[in-house]
Amino acid sequence: MQLAVWTYEGPPHVGAMRVATGMAGLHYVLHAPQGDTYADLLFTMIERRSARPPVTYTTFQARDLGGDTAELFKTAALDAYRRFEPEAMIVGSSCTAELIQDDPGGLAKALRLPVPVVALELPSYSKKENWGASETFYQLVRALAGPHAPPPGTRRGPGRVCNILGPTALGFRHRDDVREITGLLGRMGIEVRVTAPMGARPSDLARLGEADFNVVLYPEVAGQAASWLTRTFGQKATRTIPIGTNATRAFVEEVAALAGIDAAPVLAAEEARAAWYARSVDSNYLTGKRVFVFGDATHAVAAARVAAEEMGFKVVGLGTYSREFARDIREAAKLHDVEPLIGEDYLEVEAAIQAAQPELILGTQMERHIAKRLGIPCAVISAPVHVQDYPARYSPQMGFEGANVLFDTWVHPLMMGLEEHLLGMFREDFEFHAEAAPSHLGGAPAPAPVAIAEAPAGPAGWTAEAEAELRKIPFFVRGKARRNTERFAGERGLASITLETLYDAKAHFSR
Amino acid sequence: MSSLAALGRSPADQAGCTEAPVLRERGQREVFCGLTGIIWLHRKIQDAFFLVVGSRTCAHLIQSAAGVMIFAEPRFATAIIDERDLAGLADANDELDRVVGQLLARRPDIRLLFLVGSCPSEVIKLDLSRAAQRLNRTHSPDVRVLNYSGSGIETTFTQGEDACLASLVPEMPASVTSAPALLVVGALAEVVEDQMRRLFAALGIGPVAFLPPRRARELPAVGPNTRMLLAQPFLADTARALEARGAVHLPAPFPLGAEGTTGWLRAAAGAWGIPADRSRAVTEAGEQRARIVLDRHREALAGRRIFFFPDSQLEIPLARFLARELGMRPVEIGTPYLHRAHLAAELPLLPRDVLLSEGQDVDRQLDRCRAEKPDLVVCGLGLANPLEAEGFATKWSIELVFTPIQGYEQAGDLAELFARPLVRRQKLRV
């Protein structure tokens, strides 16, 4: 047993729902108790989908456990087929149904439905959401594309037709990543045959073999299916995740090699604005900012690279909740010379963040809240995310526009941080004290004379000369200079603060 | 209405819906399980902790339902059962003890720990009542450990509160006096609870206690002198457990709207033998205030047809309030479970031509809803946006459980919850 307040991933059947909901013409019959329909609202509320997920739950109750749960499953599957008339169905159990050991696959087979029915084995007590999505997609691809596999040994040369694999419902920015990468491929003269699971029908999956190679956007979902396609159809798959300017350029080169074309024209024509923004002098203050990165392995590894290479940050922590991809994180952690953090106990993540003392956290929804508690700026780079990270506006993470989005998203909380810091520093100044009217409203005149006439605080008195000199110091550091000087004088038991004391103190504190 | 015809019933042959036939359906249910009750119960009992013994699905449900609340050091968590626990039951019990020890070490402020059963723990027959007994021996007197089931196979949404409160009943001390005492049963928002206390005091009713209490050690006494007023319609098991200890149920409508609140208060006043004119003098001001506010929402709601999907068992009292005080026309009132005895004061007040349904086959119910074309649909969040996209105005029902809606002062807020989606649809020009 594991004590959990928060889980980064749902159970594996939620992963299967993400595949089914992303597709069209597919229906999922899930053997599950009353209540498991809660997962519908992840799609209708968080992702704001306008249709119910294509899932029928058997909703068995305690009184059904006597023996007719199998019958209940058959009725539900038959009703679902008649009502929704899908091209194909997937059937399986949720965690509780796994315990009662009906066999959805066998039961569905007995119904002799006139469409392909793919049975899913999703072990709920050892696996999680991403694994469920991956397994579901893999089983669907095997079942639907498998019959069209070419004879063994068939050669496949470079060619300009590809599939895009991995996007699902409830994926972090999947909608816009697909659009961005499809556009990029289009500008390279490459045709996308099938994008799957998101947007595909079962009949589209049957046509996966028509492509020359596969573009894998999210290995967590599509890695397994892609390697099966490599083995069975001889289709190679991309390995570079096009997140960040450099990775996108590497991706373009990798795709060009697979398609047998020249990458140079595209690379010459395309550039992320982010690259120039990062070079502009305004970004100087970003140099060496300490950043802690946590998320799914793909996004975390990509974000760490962008942070170090394209923003000039220092990566001080790197981790993932996806144990299946722990190796990728370990390798990346070596590059950044940090200790990898692998696990899904968010208290452990919080402890690691506190120990690393970053100035920026790049993470999931949970890290956003950890950051809020610790008062550290934060940006979201990975699922799980809440409703605000399924935005109405176009906001990919991938490709050149994605790099622009990353720059804005990551710098924004830091600018906010700097603003807050400045405001805090100015708080005691006469122009910014709590009662002062906003200067741009042209209201009451600033009470400057009062500030000047104010008697110096502290035990040591200021000489007129020193006081006059203090007023020449820019207002936003004046308060600090006054405090430091008085502290300096106090520690040395000086009776009055002279011009000499002021500069002695400045020299003392400037070390 | 074709559905009524199917039930062999003409609209005008009964007074209200007391004898009305009920359409009982079985099929896919789009409802929450009882675990969800934890989300509001833990806010109510301030030193209690709810430990769900379940799967990753249960943890995922709680975090989806709790939304942002999960980060404020919440007093609930899940002991996630894994493969090793499924291998042998003895092991699972040791594991549970370990997890509870770990938890209580982290939260020394906890006085009451609920082990909350789930579908997986029920199916593998993990005996949580024995586990609670065992853990009590280890952790008493600092912490009391109780158990109840919030599983989907046994409970629907608010029934989780019923199961929780029923588990508290054996813990309540026996009353030592014979003088009548009022017990208000059902978690109410603190603001509502305080208003009710003031009204009972003005009526001269006392002593008054509430179940659940705000702190675990403040459980009220119960005995043959206890008169209980149900504040919520979903408390069948709790009421039965209290009756077994001698408490007497005071039949009343539920305190929703001006009429419901007055009826509810009057049931207590009757039991205390308070003259009608005195009780009217106390309730009049609040009732009048409520009616004035309700009038403001009447224009948006009167004559509008409303359809309830089953969710919380609040549907029947809500439909009664909307029909009688705001002029709405209920078309179908779905409820997960219809407890006739507790609704005895509600059913006669319902309009006659309404279809009552208990249980659910969600696709068929959606077919009925689409055929009826109601002006407003009350449903869960899994159905709300899809129905909006089909052109229906919806009111998501979970809000009715989290928002203070009972009593005179909240009657206007309650009406507004239903008026807002209709007003919003008028305002939007996109």
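In chain A of this predicted model, 71% of the contacts with a separation of 6 or more join residues 24 or more positions apart. For chain B the corresponding share is 75%.

The overall dimensions of chain A come next. Its radius of gyration is 30 Å, well over the 24 Å that the globule rule gives for 511 residues, so chain A is more spread out than a compact globule. The C-alpha trace of chain A spans about 100 × 65 × 45 Å along its principal axes. Of its 511 residues, 55% count as buried. Chain A exposes about 22,200 Å², with carbon and sulfur atoms supplying 53% of that area. It carries 52 positive and 61 negative charges, whose mean positions are 3 Å apart.

One annotated region covers part of this chain. An unreviewed UniProt entry lists residues 12-414 of chain A as "domain: Nitrogenase/oxidoreductase component". That span is 46% helix and 14% strand, and its end C-alpha atoms lie 36 Å apart.

Chain B contains 17 helices and 14 strands. A compact globule of 430 residues would have a radius of gyration near 22 Å, and chain B agrees with this because its own value is 22 Å. Along the principal axes, the C-alpha trace of chain B spans about 60 × 50 × 45 Å. Buried residues make up 61% of the 430 in chain B. The accessible surface of chain B is about 15,900 Å², and 51% of it belongs to carbon and sulfur atoms. Among its side chains, 50 are positive and 51 negative, and the centres of the two sets lie 3 Å apart.

Conventions: Residues numbered from 1 in each chain as written. Chains lettered and ligands numbered in written order. Predicted model: local features only at pLDDT ≥ 70, side-chain atom pairs only at ≥ 80, totals over all residues. Heavy atoms only, no water. Rg over C-alpha atoms; globule rule 2.2 N^0.38 Å. Buried < 20%, exposed > 50% of the residue type's maximum accessible area, 1.4 Å probe, protein only. Contact = heavy atoms within 4.5 Å. Areas by Shrake-Rupley, 256 points an atom, 1.4 Å probe, with all protein chains shown as cover. Lys, Arg positive; Asp, Glu negative; His and termini not counted. Charge placed at Lys NZ, Arg CZ, Asp CG, Glu CD. UniProt positions renumbered as here; feature names shortened; annotations may be inferred. Helix = DSSP H or I, 4+ residues; strand = E, 2+ residues; numbered from the N terminus.
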